[in-house]
Amino acid sequence: MPAPEPSPPRSSPAAAEVRTPGADIERILRGPSGLGTAALHLARREEPPPPPPTPPAVPAEGNPIPGLYHHPVPEPDPERVAEVGRRIKSWALDEVDLYPEEWEEQFDGFSVGRYMVACHPDAPTVDHLMLATRLMVAENAVDDCYCEDHGGSPIGLGGRLLLAHTALDALHTTPEYQPRWAESLHSDAPRRAYRSAMEYFVQASSPSQADRYRHDMARLHMGYLAEAAWAQTDHVPEVWEYLAMRQFNNFRPCPTITDSVGGYELPADLHAQPAMQRVIALAGNATTIVNDLYSYTKELAAPGRHLNLPVVIAEREGLSERDAYLKAVEVHNDLMHDFEAEAAAVAVALPVPTAQRFLRGVAAWVDGNHYWHQTNTFRYSLPDFW
C-alpha cells in the first residue's frame, strides 16, 4: 500500500515554512554537491568500495504495516552484514560470555548485523559499525535480563540498573572500595556487556560523544523504571503519559551516536541546540512506536500484560484492538512527518557540514530501523487487521 502524503507540519513557525518535508529530507539525505563536498556523502568509506551489488532476486522479507509512513532502504551490503554478525557473536561468546548455549537461536534471530548495517550506511569501516553493534547488543541484554523475559522483573530493577549504569559512567570512590566495584562489573552478563562495549566506544569517540551517550542511557534507564513502576502497581497510563515514558524508554541512544559511527563529530554546542534536540527526540519517538507496532502480536502472546501504544489507546480511549492499532499507526505517521519537517528546518538553519551529515545519519537510522523490524520475521508478525 503506498505511503500517505505527508501532512503540512504544524509544530513550529520554522517548520511551517517547509511545505514539502519529504522532498527536503531527501535532499538532506542526498547531501551537497560541488567542489569540496565529496567527504560529506553517506556512501564514502575508508575501505575500498565493494563491487556494485546484484539486485536481489526476491523482495525484502516481510511486509510493511499497511498505511505506515516509511522510506524503503537498499538491501544492506551482505559482506558487511556477515562480517558484523561474525564479529559480534565472537565478542558475545568469547569476550563477555553474554548468553548460554540455549539462547543461541534467539541471538542469531535478532539479526543485529543486518540491523546495524542498514542503520549506519555512512560507517567508514566495519570497526565503526561494531561500536554501535556492541552497544546495541549490550542494551538488549540489560533489557532482557533485567526487565523482560530472560529473568527480568520490575522488583528491584532500580538497584540493578544503577549498578549496571556504573559500567558506562564509572564509580569514583575510595581506594578501599574501588576494587570491589570493579570486580562487580564482571558479575553478570549485562554488566560485562556494558563495560566492554563502553570501553570500545570510549577509545573511538571523543569525551563529549561518550558523555552524550551516558546521558542518553540515563534517560533510557529512567524510562525502564517508569514502566516497571506501572507494572508493580498494575497501572495503565493515559496515552500522553505512555508517550512520555516512551520518549525515555526508546531508541534514542542509537541514532544519537550516528556521528561516532560515521567517524566524525557533531560539536557539542550544535548537538545541544533545542531544535536539534527536538529532531533527535522525534526520531527516537517515531522509531520506538515502530517497535510497538511490529512487536504487537509477539507481546500479546507473551505472559502477563505488556504495555504498548495500541494496548494503551484501546484501554484509555475505549477503542477496539483494531481501531486502537490503526490509531497508533496514525500517531507514528504524525511523529514521522514532524521529524522530517523539523529536520529540514534545522538543515536550513544550520548549514554546517557536520550538522548536515548528522541529520542525514539520523534519518538513515530511522529508515534502517523500520527496515529491520519489517524484515525480521523471526521475531515479528503483523496482526490480522486488514
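1. Leaving out neighbours within four places in sequence, Asn291 is in contact (heavy atoms within 4.5 Å) with Arg246, Phe251, His373 and Tyr380. Asn291 belongs to helix H14, residues 274–294. Helices here are DSSP runs of H or I with at least four residues, strands are runs of E with at least two, and both are numbered from the N terminus.

2. Is Asn291 buried or exposed? Asn291 counts as buried because its relative accessibility is 14%. The cut-offs are under 20% relative accessible area for buried, over 50% for exposed and partly exposed in between, with a 1.4 Å probe and protein chains only.

3. A word on the basis: this is a predicted model, where local features need pLDDT of at least 70 and side-chain atom pairs count only at pLDDT 80 or more, while totals for chains, interfaces and linings use all residues. Residues are numbered from 1 along each chain as its sequence is written, and side-chain values use heavy atoms, with hydrogens and water left out.

4. Beyond four places in sequence, Phe339 touches Val279, Leu282, Ala283, Val362, Ala363 and Val366.

5. For the overall picture, the protein has 18 helices and zero strands. Of its 386 residues, 51% count as buried.
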